[in-house]
Amino acid sequence: MKLDELIEHLDYKDLINFKNVEISGISYNSKTTKKGDIFVCLTGEYTDGHEYAKNAIENGAAALLVERKVDVDKKIPQVVVSSTRHKIADIADRFYSSPSRGINLIGITGTNGKTTVTHLIQKIFEENGEKCALIGTLGYKLASNGEYRDAKHTTPQAPELQATLRMIKDVEKIDNVVMEVSSHALEQNRVGGCCFNGAVLTNLTQDHLDYHITMDNYFDAKALLFKSLKEDDFAVINADDNYAERFLKAVPEGVRKYTYGVKKSADVMAKNIEFSLNGAEFTLVTKNGEYPVNLHMNGMFSVYNVLAAITASLAMGIELSVALKALENVKGVAGRFEVVAKKPLVIVDYAHTPDGLENVLNSAREITPKDGKLICLFGCGGDRDATKRPKMGAIAEKIADKIVITSDNPRSEDPQTIITDIIAGLKSTNPERVTVEPDRGHAIALLKTLAGNNDVVVIAGKGHEDYQILKDRTIHFDDREEAIKVFEGSVI
């Protein structure tokens with residue numbers, strides 16, 4: 001593609017040294033820049049891509065997308081824009097010929113539940129005889145029984161995202177894509193150019209305030225997904241969420257609105273909810289009648305996730321019977337209330353927010369035997385919102401009988417400092433109830449002596465992750481593997 005074609009509809013401020021060079025790719029990392037790429041000088045929290053423009057040119061960059069003129073070879077054209085972070089999405093969409101316009105693209109956003117809901121919707125499409133690709137936290141995959149391919153973020157950066165959508169459409173011949181859409185991706189315009197046909201809100205609770213600072217900012221970022229919808233698209237909103245009304249008001253006129261919930265009146269509801277070791281059961285209530293639902297998944301959060309998926313499928317015209325058949329066959333999602341041992345019952349979950357931890361512990365409490373204890377092992381990530389640490393400590397102390405406080409992904413922070421922040425939320429540090437062990441592997445090993453056969457253990461925070469980010473390195477670490485080693489005699 002020629003440079004003039006790439007920037008034809010781009011709102012740029014200036015052109016420097018313009019030459020209509022051939023552009024063969026888009027890069028934003030000078031180390032991986034190839035001959036013919038346009039190098040986008042992204043400005044981030046820790047680095048400034050403008051400082052690496054010369055390196056990118058040495059590696060073959062044919063042009064630059066910049067926010068200010070860079071002192072480099074005058075033969076290299078520079079396209080000056082107000083924000084490279086936002087405009088990279090525009091040129092990526094243009095370079096890959098707007099792949100989302102030929103796809104039924106469904107975006108799932110919210111603090112918790114995004115991954116599960118995307119998987120459930122993918123299953124429903126397949127039960128309906130349609131192919132559906134998934135893009136999200138665990139990577140992307142082209143079928144529910146396929147393998148994940150790596151993704152660096154919950155929502156990839158724009159060039160990778162648009163390339164993936166183009167591949168899904170042209171190479172794999174898949175017309176449906178369900179995608180997790182994070183608040184960061186929305187605020188940074190990583191999904192710019194994407195034409196969503198539908199959007200689903202799971203919930204909005206405290207998370208990422210290290211980045212968004214306030215809940216209002218966090219809401220504004222999430223709301224961008226719904227504001228992007230067009231006439232005849234659909235929006236699915238959790239009626240029980242505190243921000244439900246604000247999201248509904250953010251949806252443009254002409255967009256079809258649907259709600260789901262348990263507590264408040266909604267288009268799709270669940271009642272008579274019961275939990276057991278086998279899963280959740282409830283009565284589904286829609287405008288067309290009531291239907292019994294039996295899930296292999298457990299917990300109230302699973303009920304909400306299933307309601308979100310059902311409502312989205314109904315919005316797309318999929319028969320309810322098809323959706324229920326698909327959902328009742330789902331065993332669960334990796335790292336989401338995943339049972340890895342049965343005596344004691346050991347559950348690994350990704351819960352890493354106050355609301356997420358409260359939900360998973362309440363669900364675990366529902367299935368804890370009367371003569372058993374509920375034990376919670378968790379930590380909090382470093383270099384992230386510190387205000388949620390004492391809140392999570394207080395939640396664990398309130399719901400669990402025993403808690404083990406350890407490290408999560410400490411990153412550059414001292415693990416002991418993070419633990420001290422968590423402990424600040426406790427009313428008591430009685431060693432009969434509270435155990436502190438900064439080494440996560442050692443902490444999981446301690447569960448062998450802390451838990452009896454009738455107890456329920458929740459290992460929260462990392463879920464599907466198979467790594468731990470330390471100050472100076474990232475190591476292999478998987479909560480599931482560690483728990484299986486400790487409780488090898490009762491592994492599922």
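The part in question is helix α14, and what follows goes from there to other places in the chain.

Reply: The model is predicted, with local features requiring pLDDT of at least 70 and side-chain atom pairs counting only at pLDDT 80 or more, while totals for chains, interfaces and linings use all residues. Numbering starts from 1 along each chain as its sequence is written, and side-chain values use heavy atoms, with hydrogens and water left out.

Helix α14 spans residues 415–423, and its buried residues are Ile418, Ile419 and Ile422. These three lie on the same side of α14, because they cover an arc of only 100° around the axis; the arc is taken from the directions from the helix axis to the C-beta atoms. Helices (H or I, at least four residues) and strands (E, at least two) are DSSP runs, numbered from the N terminus. Buried means under 20% relative accessible area, exposed means over 50%, and partly exposed is in between (1.4 Å probe, protein chains only).

Among the elements that cover the buried residues of α14 are strands β18 (374–378), β19 (402–405) and β20 (434–436), together with helix α13 (388–399). At the N-terminal end, α14 is capped by Asp414, which has a side-chain oxygen 3.0 Å from the backbone nitrogen of Gln416.

Leu357 belongs to another helix, α12 (residues 354–366). Leu357 is buried, at a relative accessible area of 0%. Leaving out residues up to four places away in sequence, Leu357 touches Ala351, Cys376, Phe378, Met392, Ile395, Ala396 and Ala460; contact means heavy atoms within 4.5 Å.

The buried residues of α11 are Leu320, Val322, Ala323, Leu324, Ala326 and Leu327. Their cover includes α4 (114–127), β14 (279–286), β15 (289–294) and α10 (300–315).

Some backbone details come next. Most residues other than glycine have a negative phi, and most peptide bonds are trans. Phe337, in the loop between α11 and β16, has a positive phi near 50°, and Phe337 is buried, with a relative accessible area of 10%. Asp383, found in the loop between β18 and α13, also has a positive phi, of about 60°. With a relative accessibility of 31%, Asp383 counts as partly exposed. The peptide bond from Lys343 to Pro344 is cis, with omega near 0°, and Pro344 sits in the loop between β16 (338–342) and β17 (345–349).

Asp48 is buried, at a relative accessible area of 15%. The side chains of Asp48 and Arg68 make a polar contact at 2.8 Å. A polar contact is a pair of N or O atoms within 3.5 Å; within protein, one must be able to donate a hydrogen and the other to accept it, and residues adjacent in sequence count only if both atoms are side-chain atoms. Setting aside neighbours within four places in sequence, Asp48 is in contact with Leu42, Thr43 and Arg68.
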